[in-house]
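Hi,

Here is the structure we talked about handing over. Please have a look, then read my notes below.

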Amino acid sequence: MMMTGAYPSVVVRVTCALLSPFIAMFGLYVIAHGHYGPGGGFAGGVFVAVGAILPRLTLPEELSYRIFPRWIGPAAGGVGLLLFLLVGLAPMLVGAEFLDYGAVEIPGMAASRVRYLGILIVEVGVGLAVFGAMLMIFDVLTLRDDDA
Amino acid sequence: MIVALDVILFLILLATAVLALQVKDLLAAVSLLAGYSLFAALLFAGVSAVDVALVEAALGAGVTGVLFIAAILATARRSDAPSDRRRRLVVLPLIVAFVAMMLFASTGLPDRGDPEAPAQLGVSQTYLADSLADTETPNVVTSLLADYRSLDTLGETMVIVTAALSAALVLARRGEVPAWPQRRGGTDPGGGGGGPDPDAPDRAPEAGSAALADPGGHVAAWSPTGESPTETDNEPDPEERP
């Protein structure tokens with residue numbers, strides 16, 4: 001059960017501490033760059049989750065749970081899903097169909113640009129939801145009896 | 001794509017899969033599975049499915065391994081010996097028949113990249129032609145997933161969040177002795193009822209938890225007997241995501 005916490009080897013600790021912020025940043029890049037390259041919300045969310053899980057595996061607990069607290073898993077999952085749903089509902093306010101982002105008129109923006117923006121928000125929502133789901137599963141798997 | 005490279009990758013893929021099934025140390029099996037996912041990702045990349053390859057590499061070779069290891073540390077590290085070797089006599093012919101059926105069916109599939117394939121003739125032409133003008137998104141996969149077919153993606157996201165929540169709800173309670181009484185056979189219609197309960201207010205929470213445990217019908221059945229093997233079973237596996 002002693003899964004989380006400081007890993008005995010200093011090499012592993014330092015390597016993971018150095019790598020994890022860059023892995024998380026690469027995840028953010030993958031989410032933001034989904035329009036132009038491979039990836040998007042799913043892959044990016046998983047990368048950010050890895051950036052959060054690595055410190056949990058190797059660093060002292062008070063440190064790793066301060067960077068990414070326990071509540072952030074369920075919160076990110078819910079907020080991501082909500083973001084997706086709200087973006088889907090926004091066109092319905094102007095009488096269009098669910099998830100038809102292009103129907104929302106933003107002054108100074110072509111319809112294609114609004115759809116571009118809608119895709120970006122959806123990707124961020126999916127990324128948050130996947131990140132939250134992965135972190136939630138990991139946290140609950142490594143839950144110890146005394147901190148239930 | 002290079003045929004020789006594909007064949008080599010396929011052979012490594014098969015080898016890792018067979019080894020992962022054979023090995024008794026589950027940690028070794030998990031590393032083999034991660035390797036399997038990595039080579040599967042390479043194969044996907046070989047057929048230009050870069051988006052799928054990226055997800056497979058991140059999920060299959062990355063997070064899934066960590067989640068499996070966490071599950072192993074929470075349960076047992078070695079897999080039990082097969083209980084009955086005669087079972088193979090039944091299972092092996094079934095597997096062979098299934099593989100033969102699949103291979104036979106695959107002869108009816110169109111060739112890869114065939115412009116006359118049904119998948120190429122339908123609505124996909126419109127997506128490929130209009131994606132850039134409609135959404136200013138050069139990567140058609142992204143505009144397909146997040147715009148044209150965003151309802152599918154919404155459903156998928158819901159499935160993932162729901163699966164993680166159910167895993168959390170089931171696993172957070174492990175180790176507790178179930179407070180509800182055993183209800184064998186009483187799981188069918190009366191589970192949601194709770195009709196006769198209002199006259200006994202002090203029993204209400206207990207009845208509530210029993211009703212909560214009922215929908216699966218499994219919880220009350222497995223908890224007292226032995227919980228370690230079922231914990232891994234309950235983990236919603238990210239690999240199952242399409």
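Which side chain meets D139(A) in a salt bridge? The partner is R56(A), at 2.4 Å from N to O. Keep in mind that this is a predicted model. D139(A) sits in helix α5 of chain A and R56(A) in helix α2 of chain A, so the pair ties together parts that are 83 residues apart in sequence. Over all chains, the search of the whole structure gives five salt bridges.

Now the interface. Three salt bridges are found across the interface of chain A and chain B. The side chains of R115(A) and D147(B) also meet in a salt bridge, at 2.7 Å from N to O. Ten residue pairs are in polar contact across the interface of chain A and chain B, with both residues at pLDDT 80 or more.

Which elements of chain A supply at least two residues each to the side that touches chain B? They are α2 (41-58), α4 (72-93) and α5 (111-141). Of these, α5(A) gives the most, with 17 residues. By class, the side of chain A that touches chain B has 32 nonpolar, seven polar and three charged residues.

Next, contacts and area. In chain A, 42 residues are in contact with 46 residues of chain B. The two chains, A and B, bury about 4000 Å² between them. Carbon and sulfur atoms account for 76% of that area. F42(A), R115(A) and L141(A) supply 17% of the area that chain A buries against chain B.

The largest share comes from α3(B), with eight residues. By class, the lining of the second largest pocket has 23 nonpolar, eleven polar and eleven charged residues.

Best wishes

How values were computed: Residues are numbered from 1 along each chain as its sequence is written. Chains are lettered from A and ligands numbered from 1 in the order in which they are written. This is a predicted model: local features need pLDDT of at least 70, side-chain atom pairs count only at pLDDT 80 or more; totals for chains, interfaces and linings use all residues. Side-chain values use heavy atoms; hydrogens and water are left out. Contact means heavy atoms within 4.5 Å. Buried area is the accessible area (1.4 Å probe) that two parts lose on being put together, summed over both. A salt bridge is a side-chain nitrogen of Lys or Arg within 4 Å of a carboxyl oxygen of Asp or Glu. A polar contact is a pair of N or O atoms within 3.5 Å; within protein, one must be able to donate a hydrogen and the other to accept it, and residues adjacent in sequence count only if both atoms are side-chain atoms. Helices (H or I, at least four residues) and strands (E, at least two) are DSSP runs, numbered from the N terminus. Ala, Val, Leu, Ile, Met, Phe, Trp, Tyr, Cys and Pro count as nonpolar, Asp, Glu, Lys and Arg as charged, and the others, Gly among them, as polar.
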